[in-house]
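Please open the structure in a viewer and keep the selection panel at hand. The stops below are to be visited in order.

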Amino acid sequence: MTAKSKNGAKPLPERRLRLNEDWLATLVGLSILGLALLGWIPKGVLW
Amino acid sequence: MARPVIEPGETEALVSRGETSAAWSTAGLALVLGLGFATRFLEKNVPTWLYWSWVKSVEFPVYAVALGLVGSGVIGVLGVRNKVAPAFRTEFFIKTGLVLLGASVHLNVIARAGFRGVMQALLLVSAVFFFTWWLGGKLKVRDKLRALLAASVSICGVSAAIAAAGAVRATKEQIAYTATLVILFALPSIFVLPWLAHALQLTEPVAGAWIGGNIDTTAAVAAAGAIVGEQALQIAAIVKASQNVLMGLVAVALTLYFTLRVEDADSNVPRSSAKQTVSALWERFPKFVVGFLIASAIATLCLSTGGANSGIAAANTFRSYFLILAFVSIGLEFQLPLLLAEGWRPIVVFGSAAIFNLVIALVIASILFSNFQV
């Protein structure tokens, strides 16, 4: 999974990918929780 | 264009991510969603269809991985694996699921479980984690894989393995390997532990604490606890939730250990300042654990002010959706040759750790919960 440059360090784009994935998961998860607590999730979606 | 160097055992899928079209990615996503829908359908209907059989207790991870494996075979035969693989975002799906899991890990559980629950979780997680780590070292399992094995068997299965994977930068194959072992061991334990608890004539609180401390997946803990009885179910859920809270602490500890010990030992370049060390720690820390803790704090606050139960239930449903997509992706990414390359040692480590967990959890539960009433 890890593409390495000559000195063994991870190239920046992949570091950003991992970083963004963590924050994106946090953002999506907390947004869903917020909508759920506000009662804004349509019942039809909950199956 | 020169292709980047790939380490042995690393997947081509990520490297080829930039070389596939949006249409193939959309097809891959449709495949994941379709199999996810089929998983949910089976999870909902099989218990009704086969209410008389043990199959009714099979949980969604099993359906999801099985359907994912079938899908993996199909895309392998069709020769489109690398084209659709960018849509198999196992880590994103499971991390989002774990942030939502925070909503059902209430901080006041610690208060309810009191001294016993916290002590059991701390003693058990520490003992099993370090036993697995030690045994993995003795059998020369690679550091990253043994961190995943130790976290998963000692805390909460695949969730903890993903948290640990972020901290130690494990490969997708190592995550898939650990997830496969967790599922293989969790399935029989749902039935074997309640049977053993009955055979050993354990009281319900002791049986519940034993089950909560042993079975890795939270849903399987609830299933096994329910087979024993209501008291056992409550204690099992509390012990499991206390262990889940420790997931964040273990992620921090592994981040520290791998940054300061393992990789410093491998590196010829010493870190010149504390600032660099802190920066390295933060860079590798699994950030979604922050989301997990925030979700837990929000849910605790909402419930303590009386209400929002239906909101938490809706969030739990979405947690299931994301975990289903994650397990489907694990199945789709499964490639037997990569797993066989790890050899028999990790299986021996995981199996031995599971047996050690059984024994030590029984001892601790018997001491702490022998006179306990819900």
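**Chain B as a whole**

Begin by selecting chain B: of its contacts between residues at least 6 apart in sequence, 81% join residues at least 24 apart. Please bear in mind that this is a predicted model. Colouring by secondary structure shows 17 helices and one strand in chain B. Of the 374 residues in this chain, 53% are buried. With the surface displayed, chain B exposes about 16200 Å², and carbon and sulfur atoms supply 68% of that area.

**A surface patch with residues from two chains**

Next, select A:Trp47 together with B:Phe37, B:Phe41 and B:Trp49; these residues make a nonpolar surface patch of about 450 Å². Within this selection, centre the view on B:Phe41, which belongs to helix 2 (residues 22–49) of chain B. Is B:Phe41 buried or partly exposed? Its relative accessible area is 37%, so B:Phe41 counts as partly exposed; the class called buried requires a value under 20%.

**Aromatic pairs along helix 6**

The tour now turns to aromatic rings. Over all chains, the structure holds nine aromatic pairs. One of them is formed by B:Phe131 and B:Trp134, a tilted pair with 6.0 Å from centre to centre and 40 degrees between the planes. Both B:Phe131 and B:Trp134 are found in helix 6 (residues 108–138) of chain B, where three residues, about one turn of the helix, separate them. B:Trp134 is partly exposed, its relative accessible area being 48%.

Now select B:Trp133 and B:Tyr257. How are the planes of this aromatic pair arranged? The pair is edge-to-face, with 90 degrees between the planes and 5.7 Å from centre to centre. Because B:Trp133 lies in helix 6 of chain B and B:Tyr257 in helix 12 (residues 230–266) of chain B, the pair ties together parts that are 124 residues apart in sequence.

The two partners may also be viewed with the surface on. B:Trp133 is buried, since its relative accessible area is 13% and the limit for that class is under 20%. B:Tyr257, by contrast, is partly exposed, with a relative accessible area of 32%.

**The surroundings of B:Trp133**

Ring pairs link B:Phe129, B:Phe130, B:Trp133 and B:Tyr257 into a cluster. For the last stop, show the side chain of B:Arg146. B:Arg146 lies over the face of B:Trp133, at 3.8 Å from the ring centre.

Definitions and conventions
Residues are numbered from 1 along each chain as its sequence is written. Chains are lettered from A and ligands numbered from 1 in the order in which they are written. This is a predicted model: local features need pLDDT of at least 70, side-chain atom pairs count only at pLDDT 80 or more; totals for chains, interfaces and linings use all residues. Side-chain values use heavy atoms; hydrogens and water are left out. Patches are made of residues with over 30% relative accessible area and no salt bridge: like charges are joined within 9 Å, nonpolar side chains (Val, Leu, Ile, Met, Phe, Trp, Tyr) within 5 Å. Accessible areas come from the Shrake-Rupley method with a 1.4 Å probe; for residues, only the protein chains shown count as cover. A salt bridge is a side-chain nitrogen of Lys or Arg within 4 Å of a carboxyl oxygen of Asp or Glu. Helices (H or I, at least four residues) and strands (E, at least two) are DSSP runs, numbered from the N terminus. Buried means under 20% relative accessible area, exposed over 50%, partly exposed in between (1.4 Å probe, protein chains only). Rings of Phe, Tyr and Trp (its six-membered ring) pair if their centres lie within 6.5 Å; planes under 30 degrees apart count as stacked, over 60 as edge-to-face and the rest as tilted. A charge sits over a ring if NZ of Lys or CZ of Arg is within 6 Å of the ring centre and within 35 degrees of the ring normal. Contact means heavy atoms within 4.5 Å.
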